[in-house]
Amino acid sequence: MTTRGDTTFPAHLVRPDLRDFAGYSSARTSAPTGIPDRIWLNANESGVASPADSGGGSRRYPDPQPAALVEAFADLWATTPDRVVVGRGSDEAIELLVRSLCRAGGDGVVVTSPTFGMYAVSARLHGVPVTDVPQTDDGLRWRVDTAAVARAAREHGARLVFVASPGNPTGSVVPLREIAALAEELADQAVVVVDEAYGEFAQQRSAITLLEEHPTLVVLRTLSKAHALAGARVGIALAHPDLVAVLRRVQAPYPLPAPVTELALRALSEDVLHATAQHVGEVLRLRDQVGRWLRDLDDVRTVYASEANFFLVRCDDPDALLHTLGAAGIVVRDMRHLPGLHDALRITIGTGPEMAALREALTASSSPTTSTDISTDTSTEESPA
């Protein structure tokens, strides 16, 4: 354990063969000369725009870490640009962390099932062993036993610990005090990664507020969920500047296409952020309503408390429920492939009309005339967020 108050990142946590690795120096990372660039002949790009891109915006390679976007994320999370890595969704950030910190055949990864599958997938693709510390189910929510996670990390020599908060598919959060204690306990051995892909929907403040005090803590965020840009694939890792520098060196060149960067910058503008906040508020309102009537359905046994934009639901007959919804053209996520969830489905909170259609499909056989109290205001379908 490091001394409390030590804000340096322990270099020994980086893979030994990557500690002095300079990475690939792309045409966009050339040292500035101080003279304005007029003619670019260093990247073998086309000298003219494509007829499909009349403005020529995609003729040049993009910046590896677009300064304006990095600064916009830093401003959003009240941190500094040297703590931000942007990339192709949270998936890339997960892969970069495994690649940078874990040696094949050792330096294990700890996960807490049921959880997002890409943590284990990335580890196994790199030949890194995975240790699972299952969460506990108290019938209302799922809980991560952070003390057990710390013990498992010590026992198995883990270099990375992944904790999703809110969790997917559980919807549960891990208290910040427990995250801080876990990071402190493992500070000499492992990096603790808090995946906050659904953080905008949670009441708890972000673990980003712990970064200054805990240099071995990493927080992942995304524009895919609350910001409604899943197709753009923009993810962010926030971490100690020394670790950020390592992640940037091992990242493939040009992770974000220029049009994606432009879209992300618009999403982080003041007016769009305001619209996104309104959209999140509407999702939370619908989540409360949907949770109440889901719990009243005869075929639904458990609806777990959620601080995300979905519910994890246990059913008496998942196949029948999936058939009913499929006949209505409604798709939900079958979670029965995950350990301990042999009877579970995950249902996303959509728009008011979509939730009304979901309720109608689920209640039609037993009470076909049941009315819905969910708003059908179609304005929620066209949110600019």
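Two strands count as paired if DSSP finds at least two bridges between them. Helices (H or I, at least four residues) and strands (E, at least two) are DSSP runs, numbered from the N terminus. The model is predicted, and local features need pLDDT of at least 70, side-chain atom pairs count only at pLDDT 80 or more, and totals for chains, interfaces and linings use all residues. Residue numbers start from 1 along each chain as its sequence is written, and side-chain values use heavy atoms, with hydrogens and water left out.

The description starts with a sheet. Strands of a sheet pair through backbone hydrogen bonds, either parallel or antiparallel. Here four strands form an open sheet in the order 10-11-13-12, and the pairing is antiparallel. Strand 10 (300–303) and strand 12 (333–334) are the edge strands, each pairing on one side only. Strand 11 (residues 310–315) is joined to strand 13 (residues 344–348) by five bridges in the antiparallel sense. Within this pairing, F310 has T348 of strand 13 as its bridge partner.

Two helices accompany the sheet. Contact is taken as heavy atoms within 4.5 Å. For the angles, axes are lines fitted to C-alpha atoms, for helices over the stretch in contact, and the values run from 0 to 180 degrees between N-to-C directions. Helix 8 (residues 270–295) lies across strand 10, strand 11 and strand 13, and runs at about 5 degrees to strand 11. Helix 9 (residues 318–327) also packs on the sheet, where it touches strand 11, strand 12 and strand 13, and its direction makes about 30 degrees with that of strand 13.

A charge sits over a ring if NZ of Lys or CZ of Arg is within 6 Å of the ring centre and within 35 degrees of the ring normal. R346 lies over the face of F310 in this sense, at 5.7 Å from the ring centre.

Next come the salt bridges, each defined as a side-chain nitrogen of Lys or Arg within 4 Å of a carboxyl oxygen of Asp or Glu. The model has 20 salt bridges by this rule. For accessibility, buried means under 20% relative accessible area, exposed over 50%, and partly exposed in between (1.4 Å probe, protein chains only). One of the salt bridges joins R314 to D137, with the closest N and O atoms 3.6 Å apart. R314 lies in strand 11 and D137 in strand 4 (residues 136–137), so this pair ties together parts that are 177 residues apart in sequence. R314 counts as buried at 9% relative accessibility, whereas D137, at 35%, counts as partly exposed. Both residues belong to a network of salt bridges that links D137, R301, R314, D316 and D343.

Another salt bridge is formed by E200 and R221, whose closest N and O atoms are 3.3 Å apart. E200 lies in the loop between strand 7 (191–195) and strand 8 (217–222) and R221 in strand 8, so the pair ties together parts that are 21 residues apart in sequence. R221 is buried, at 3% relative accessibility.

A local example is the salt bridge between the side chains of E95 and R99 (2.6 Å, N to O). Both residues lie in helix 2 (residues 89–101), four residues apart, about one turn of the helix. E95 is buried at 18%, and R99 is partly exposed at 26%.

The aromatic residues are treated with a ring rule. A pair of aromatic rings is described by the distance of the centres and the angle of the planes. Rings of Phe, Tyr and Trp (its six-membered ring) pair if their centres lie within 6.5 Å; planes under 30 degrees apart count as stacked, over 60 as edge-to-face and the rest as tilted. The count is five aromatic pairs. In one of them, F116 and Y119 have ring centres 5.5 Å apart and planes at 85 degrees, so the pair is edge-to-face. F116 is partly exposed at 26% relative accessibility, whereas Y119 is buried at 0%. Y119 also pairs with F162: the centres are 4.6 Å apart and the planes at 5 degrees, so this pair is stacked. Y119 is in helix 3 (residues 118–125) and F162 in strand 6 (residues 158–164), 43 residues apart, and the pair links distant parts of the chain. F162 is buried, at 0% relative accessible area. F116, Y119 and F162 form one aromatic cluster.
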